[in-house]
Amino acid sequence: MRILKYCAAIPVFVCAALLASAQPPSQNAGRFRISIAVAALNRAGVPDTSLKQSDFKVTEDGVVQQITGFAPPDAGSNILLILDHNNTWLDDAVSGRAAMDAWQKIQIALSNFVRQLQPQDRISVATFDDKVQLALPWRTHKGPPVTLSLKVISSRQSAIKDLYGTIQWATRQFDSAKGRKLIVIFTDGRDARLAPQWFASEDYHEILDPLAGLPDTGEAAELQSGLSAVRNSGIPIYFLTPFPDKSATFAGPTGWDYHLNGISGNSALAAQYLAKVRSRLEQFAEVSGGRVFYLTGPESTTSTLSQLPATLALNQSYDLEYTSSRPADNQFHRIEVRIRDGELTAAQSRTGYYAK
Amino acid sequence: MKLCKLPVAALLFLLMESLSAQQSDVSGKWKWEDASGGQSIVLELKSAGGGISGTITMAQAALKLDADAKSDYYLNPENATNNMRALFFPPVTFRITDGKITGNTISFTQVSHNAAQGNGFGGAPGVFGGFGQRGPAGGGMEKLFYTGKIDGDTIQFTRESRPNPGGHLVVGTHAVTFSVTRVR
């Protein structure tokens with residue numbers, strides 16, 4: 001039996017999808033429900049989709065694990081696609097022609113995404129800002145074409161967004177699903193919990209919170225709660241994150257745009273804020289076994305979304321699951337998948353996890 | 001006669017509590033200041049009969065036209081950015097409510113009059129374009145709950161804010177700890 005991981009022979013798109021992100025998550029404890037997507041590739045890089053559960057062996061730090069969940073590629077995938085229509089990722093405020101153009105491109109990319117699904121795949125679409133709204137209930141790709149109204153996906157309902165709450169909601173949407181399960185979230189990750197607060201007095205004079213930037217144990221507790229929900233669900237989350245380094249600006253009382261550093265006495269506040277946003281996304285992705293795709297502009301947003309089924313090797317990957325009851329030791333634990341047929345290479349969606 | 005049946009320990013406890021409350025007179029001025037910039041929080045408190053009244057002033061920069069003046073806010077010629085910040089975003093004072101003091105524990109509430117979107121100032125003034133946070137006046141209210149432990153000339157505070165059911169523009173729970181020291 002020969003194990004090759006991430007070798008050059010594997011097609012680039014599969015490699016990109018299956019490379020594991022390994023950013024350390026934050027603290028937590030308990031049992032670890034681990035799911036891994038595995039593509040079984042022959043020497044030519046062609047996936048073999050005819051294997052059975054007994055053809056796989058999973059080890060954690062060299063110790064064989066009991067596979068408790070198995071879904072072959074033809075079982076289909078359950079994809080919950082969630083769109084952040086709070087629009088803070090747009091360059092130019094929150095509405096207008098530029099916003100509509102951007103959303104039209106995303107709508108086209110969504111159509112391309114859906115067209116690549118197989119008849120057995122199921123998809124559901126939701127949007128969120130401070131609340132989640134279902135735009136498309138679960139349905140298979142069979143039957144009438146899947147359509148998504150531009151108005152529905154692009155209509156911003158609120159000035160703030162609740163990403164943590166949306167993620168928790170998402171983990172509860174797969175109760176009866178069979179086959180591979182994935183959550184794909186298009187968002188810049190700017191959950192309102194992370195933003196400096198802004199207060200106004202009785203006579204409506206406004207002030208940025210002078211305590212912004214100090215450790216916030218309230219936010220930290222809610223992050224941990226979200227990470228636990230994700231870990232317990234065993235469902236990988238893939239973030240499509242546009243413009244992660246877009247300036248932390250706001251329109252001030254004078255109508256001018258201010259950079260955060262222009263109004264806070266803490267000159268590091270903007271950088272701290274952007275780093276925190278990235279860190280939270282990466283923690284959610286890591287504990288779930290997913291990853292964050294950072295997107296640099298409108299073109300990369302639409303192309304990444306269009307190519308996502310191929311990137312995630314949908315309908316080519318087996319879904320394996322096991323539960324590790326090890327204590328939370330804050331260490332990284334290596335996962336290896338072996339295939340009985342030594343001619344096949346196991347390309348894994350994750351190479352390990354932090355037991356935190 | 002019933003009073004006589006009370007355990008001696010309980011009476012002592014009540015006596016100690018009473019003494020403790022008397023000892024923790026927080027009347028006066030207290031200040032937190034960030035070392036890296038001009039951010040500050042100034043409390044001006046008056047305590048009477050277990051109740052607390054007063055104000056909390058939040059600032060992002062220092063502006064003091066005369067270096068010898070007794071104002072907290074001064075114009076520092078060596079720090080133009082700070083001056084701009086202080087001019088455009090001057091300190092804001094809030095009344096505190098629900099102030100209480102028990103022993104060495106102090107608590108009060110600050111009400112922020114949160115805003116709705118858009119008030120005619122170029123689109124969405126006061127809304128964090130970068131974070132989509134909040135806007136100018138006209139929205140709901142957010143309560144900030146302060147609880148502090150008094151230790152001599154220092155009070156260690158935790159400030160909490162929670163989502164307001166039925167309200168808007170506040171997501172999640174926040175809890176931040178900071179210390180103020182008495183200004184002599």
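Student: In what order do the four strands of the open sheet in chain A come?
Tutor: In this predicted model, the order is β3-β2-β16-β18 in chain A, and the pairing is antiparallel.

Student: Which are the edge strands?
Tutor: They are β3 (63–65) and β18 (352–354) of chain A, and each of them pairs on one side only.

Student: And how much are neighbouring strands turned against each other?
Tutor: On average by 30° in this sheet, ignoring direction.

Student: How many bridges join β2(A) to β16?
Tutor: Five, with β16 covering residues 332–339 of chain A and the two strands running antiparallel. Looking at β2 (56–60), you can pick out A:Phe56, whose bridge partner in β16(A) is A:Ile339.

Student: Switching to the loop between β1 and β2 of chain A: is A:Ala44 there buried or exposed, and why?
Tutor: A:Ala44 counts as exposed because it has 7 C-beta neighbours inside 10 Å, and 12 or fewer makes a residue exposed.

Student: How far apart are A:Ala44 and A:Leu344?
Tutor: In sequence they are 300 residues apart, but in space the distance is 9.8 Å, C-alpha to C-alpha.

Student: New topic: how many residues does helix α2 of chain A have?
Tutor: Helix α2 has 19, residues 97–115, and from first C-alpha to last it reaches 27 Å, close to the 27 Å expected.

Student: Which residues of α2(A) are buried?
Tutor: A:Ala102, A:Ile106, A:Ala109, A:Leu110, A:Phe113 and A:Val114. Seen down the axis of α2(A), these buried residues fall within an arc of 140°, so they line one face of the helix.

Student: What's exposed on the other side of α2(A)?
Tutor: There you find A:Arg97, A:Asp101 and A:Arg115 exposed.

Definitions and conventions. Residues are numbered from 1 along each chain as its sequence is written. Chains are lettered from A and ligands numbered from 1 in the order in which they are written. This is a predicted model: local features need pLDDT of at least 70, side-chain atom pairs count only at pLDDT 80 or more; totals for chains, interfaces and linings use all residues. A residue is buried if 20 or more other C-beta atoms lie within 10 Å of its own, exposed if 12 or fewer, and partly exposed in between; C-beta atoms are placed from the backbone. Two strands pair if DSSP finds at least two bridges between them. Axes are lines fitted to C-alpha atoms, for helices over the stretch in contact, and angles run from 0 to 180 degrees between N-to-C directions. The expected span of a helix is 1.5 Å times one less than its number of residues. The arc is that of the directions from the helix axis to the C-beta atoms.
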